[in-house]
Amino acid sequence: MLNPRNVTASAPGKTILFGEHAVVYGKPAIAAAVDKRAYVSIEEREDNRTHVRINELGISGYLNIEKGTIELDNDEKNEGILKYVLIALMKTGSKDGLEITINMDIPVGAGLGSSAAVTVATVKAASSFKDIELTSDGIAKLAHQVELMVQGSASPIDTILSTYGGIVYLSRDAEEIIKLDIDSEIPLVIGYTSERGNTGKLVESVRLKMEIAPQVMIPLFNSMEALTNGAREALTSGDHKMIGEFMNINHGLLDAIGVNTEELSKMVYIARKSGAFGSKLTGAGGGGSMIAYCPGKVDVVIESINKFEKAFKVKISADGVRLE
Ligand code: PMV
């Protein structure tokens, strides 16, 4: 079969609902893919060069897949996400001579896993362009390797959610990935601060606390495990009140391990005051984002947070990576 002239793949971003940081200590977590996606289109070029443009970020440049180098069109901009694209192309055995266009519906730096979504969509688009059909497992594994190569360390949560979509319960060390079967709508609001937490540093700060006071930290992680397991049941049975309650407890425990900030808590409490059933910081913390679970109150929660930070609505995306 001839290569299709233009292949577009898209993959969703994610949000962690329960269990961040605890997953680093082998505890379970629950995360969801959201209806904000990264779109990666690949077509052939006349010449033998490979060019990438990320429309929303105003970043573009030439990649050399063979040599593994990046040459930006505009020197002042950071290579950022282009590194993920380059390594994904290398890992899929792509050859130079491609024009790649990326469109991002996912806000970058809001803890929604934008780099993983771009990586997963690139792996899918590049392999399909070569008429190679990878399984979902294959895509998730390859994309995780790309994240590891670019970042040094990365949990597989982001790439798993971008690949599979839906709401996923990740068991101990992400050994088992269980898609939760949930009927009801999960109306979520994401609020984010301009300040971005550094995941590596935050994980390290928690590790230091664990070293100094394991007798205090271990029970906190055990509680996170228990609430994540409780939340799994509450989500499956559609128990709004308990979903919210577990989020609130999780926020308190994340505060206890030292990854909360004043700005995050301000949004968390405003959301509750505006009618959210529950709210918590999400992801690494130290800045970044919070989520609020707000059936029937989405608009008012967004309006309240938007008075001082940025907030938007997300829906859970059942679809993971897909060809467009
Ligand atoms: O902030 P994010 O979306 O990168 O999430 C980090 C989640 C942690 O549990 C803190 C770290 C990890 O690798 O799982």
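**View 1. Helices α2 and α4 in the predicted model.** On the α2 side the contact is formed by A116, A117 and V120, which meet D158, T159, S162 and T163 of α4. Sorted by class, the residues of this contact of α2 with α4 comprise three nonpolar, three polar and one charged.

**View 2. Helices α5 and α6.** Helix α5 (residues 199-212) and helix α6 (residues 214-237) pack with their axes 6 Å apart and at an angle of about 120°, and α5 and α6 are therefore oblique to each other. From α5, the residues V206, K209, M210, E211 and I212 take part in the contact, and they meet P214, Q215, M217, I218 and F221 from α6. In the contact of α5 with α6, seven residues are nonpolar, one is polar and two are charged.

**View 3. Helices α8 and α9.** Helix α8 (residues 262-273) packs with helix α9 (residues 298-306) at an angle of about 145°, with 9 Å between their axes, and the crossing in which α8 passes α9 is right-handed. The residues M267, I270 and A271 of α8 meet V301, S304 and I305 of α9. The contact of α8 with α9 has five nonpolar residues and one polar residue, with no charged residues.

View 4. The ligand has around it the residues K14, I16, E20, H21, V23, G111, S155, T199, V203, G283 and A284. Among these residues, K14 has a side-chain N or O atom that is 2.8 Å from an oxygen atom of the ligand, while S155 places a polar side-chain atom 3.2 Å from an oxygen atom of the ligand. A284, in turn, has a backbone N or O atom that lies 2.8 Å from an oxygen atom of the ligand.

Technical notes. Residues numbered from 1 in each chain as written. Predicted model: local features only at pLDDT ≥ 70, side-chain atom pairs only at ≥ 80, totals over all residues. Heavy atoms only, no water. Axes fitted to C-alpha atoms, helices over the stretch in contact; angles between N-to-C directions. Helix = DSSP H or I, 4+ residues; strand = E, 2+ residues; numbered from the N terminus. Parallel < 35°, antiparallel > 145°, perpendicular 65-115°, else oblique. Contact = heavy atoms within 4.5 Å. Nonpolar A, V, L, I, M, F, W, Y, C, P; charged D, E, K, R; others polar. Near = heavy atom within 4 Å. Polar contact = N/O pair within 3.5 Å; in protein donor to acceptor, adjacent residues only side chain to side chain. Left-handed = near helix turned anticlockwise from the far one by under 90°.
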